[in-house]
Amino acid sequence: MQAAPLLAHIHQMLPLNTAEEEALRQSITLKKLRRKQYLLQEGDICKHYNFVLEGCLRMYYVDEKGIEHILQFATENWWVSDIGSFHSETPSQLYIDALEPSVVLQIKKQDLLHLYSHYPKSLIFAII
């Protein structure tokens, strides 16, 4: 798995030991997106914390007039998720799609909570 960029990103803030790195590696999955493919759509519950390995994604909402409002662009070595939907497990009002072919590493909520409880350094994800 291509966890090296994620580990390097985390090591910039806080070094991890071998056990912490391995726990993180086991918690992530790789997802490839085509251009214009959705990572999240309005009404879906955001179930993953996403780290961009390759490509560029955008997070936006559509107002009542049908106008798109971009909230964030996420490029390589950046995070993108609807944090409100992720933590509250409620339907999202946002969209996240790929502006170009992209690859993300995903961490499920239950895996993130496991990391928080067993590897306190992983709380760094709470502030990223």
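Student: Which class does tyrosine 38 fall into, buried or partly exposed?
Tutor: This is a predicted model, where local features need pLDDT of at least 70 and side-chain atom pairs count only at pLDDT 80 or more, while totals for chains, interfaces and linings use all residues. Residues are numbered from 1 along each chain as its sequence is written, and side-chain values use heavy atoms, with hydrogens and water left out. Buried means under 20% relative accessible area, exposed over 50%, and partly exposed in between (1.4 Å probe, protein chains only). At 34% relative accessibility, tyrosine 38 is therefore partly exposed.

Student: How many aromatic pairs are there?
Tutor: Rings of Phe, Tyr and Trp (its six-membered ring) pair if their centres lie within 6.5 Å; planes under 30 degrees apart count as stacked, over 60 as edge-to-face and the rest as tilted. By this rule, the number of aromatic pairs is 5.

Student: What is the geometry of tyrosine 38 and tyrosine 95?
Tutor: The ring centres of tyrosine 38 and tyrosine 95 are 5.8 Å apart. Their planes meet at 45°, so the pair is classed as tilted.

Student: How many residues apart are tyrosine 38 and tyrosine 95?
Tutor: Strands (E, at least two residues) and helices (H or I, at least four) are DSSP runs, numbered from the N terminus. Tyrosine 38 is in strand β2 and tyrosine 95 in strand β7, so the pair links distant parts of the chain, with a separation in residues of 57.

Student: What is the relative accessible area of tyrosine 95?
Tutor: Tyrosine 95 belongs to the buried class. Its relative accessible area is 16%.

Student: What is the angle between the planes of tyrosine 49 and tryptophan 79?
Tutor: Tyrosine 49 and tryptophan 79 form a tilted aromatic pair, 5.0 Å centre to centre. The angle between the planes is 35°.

Student: Which strand holds tryptophan 79?
Tutor: The pair joins distant parts of the chain, 30 residues apart. Tyrosine 49 is in strand β3, and tryptophan 79 is in strand β6.

Student: What is the distance in the salt bridge of glutamate 68 with arginine 58?
Tutor: A salt bridge is a side-chain nitrogen of Lys or Arg within 4 Å of a carboxyl oxygen of Asp or Glu. For glutamate 68 and arginine 58, the closest N and O atoms are apart by 2.8 Å.

Student: Which strand does arginine 58 lie in?
Tutor: Glutamate 68 lies in strand β5, so its pairing with arginine 58 ties together parts 10 residues apart in sequence. Arginine 58 lies in strand β4.
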